[in-house]
Amino acid sequence: DVIGFAVGIAVSPVPIAAVILMLFASKARVTGPSFLAGWLLGITLVVTAVLLVPGLGGESGEPSTTSGAIKGVLGLLLLVFAVRQWITRPRPGDETPTPKWMAGVDTMGGGGAAGLALLLTVLNPKNLVLAAAAATTIGAAEISTGETLLAVGLFIVLASTTIAIPVVGYLIAGDRARPALDSTKDWMIQNNAAIMAV
């Protein structure tokens with residue numbers, strides 16, 4: 001039930017472009033893993049906070065009213081966000097602006113990279129809504145504490161794959177990974193609005 005939410009977070013173009021930019025910087029072996037750690041922490045914080053909301057579990061296998069209300073509101077927010085992204089997307093031939101904060105990514109240290117990742121998970125409306133929806137789904141399920149922890153862990157791992165793969169790939173392959181990373185970053189920035197809307 002939470003795989004779709006995890007994929008939605010995993011395909012976020014801005015964090016992927018940010019981590020790839022960090023992997024081109026001189027401190028890549030520090031900032032890449034730090035960004036990944038901040039990303040994991042951010043998703044964990046959001047999921048944990050929502051799981052602590054009382055009343056997510058239902059009775060006799062049925063979802064609770066609280067769970068349904070949270071999912072309904074989150075679904076509406078995602079629809080509004082998708083329509084806004086689609087309407088404001090760059091038209092063919094338009095130059096896609098690179099976010100201003102990306103200019104300072106290459107000079108960041110480990111703490112700045114972790115902080116940026118944390119902000120991109122906790123303050124990004126799409127990621128926040130998707131993580132909250134996943135936590136609501138997990139919290140509403142009638143499963144044991146161990147199964148809940150397993151579901152949360154799998155969700156976090158799936159949602160982090162597109163950040164972890166470039167970091168691990170760079171740590172293993174070094175500069176040989178740069179051409180693939182660069183073309184991926186450029187494509188994701190160019191198609192950011194369409195990816196986010198979908």
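W86 lies in helix 4 (residues 65–87). Helices here are DSSP runs of H or I with at least four residues, strands are runs of E with at least two, and both are numbered from the N terminus. The model is predicted: local features need pLDDT of at least 70, side-chain atom pairs count only at pLDDT 80 or more, and totals for chains, interfaces and linings use all residues. Residues are numbered from 1 along each chain as its sequence is written, and side-chain values use heavy atoms, without hydrogens and water.

W86 has a relative accessible area of 42%, so it counts as partly exposed. That class sits between buried (under 20%) and exposed (over 50%), with a 1.4 Å probe and protein chains only.

Now the whole chain. It holds 9 helices and 0 strands. Of its 198 residues, 41% are buried. Among contacts (heavy atoms within 4.5 Å) with a separation of 6 or more, 83% join residues 24 or more positions apart. The chain exposes about 10,200 Å², and carbon and sulfur atoms supply 69% of that area. Accessible areas come from the Shrake-Rupley method with a 1.4 Å probe; for residues, only the protein chains shown count as cover.

V11 lies in the loop between helix 1 (3–10) and helix 2 (13–23). V11 is partly exposed because its relative accessibility is 36%.
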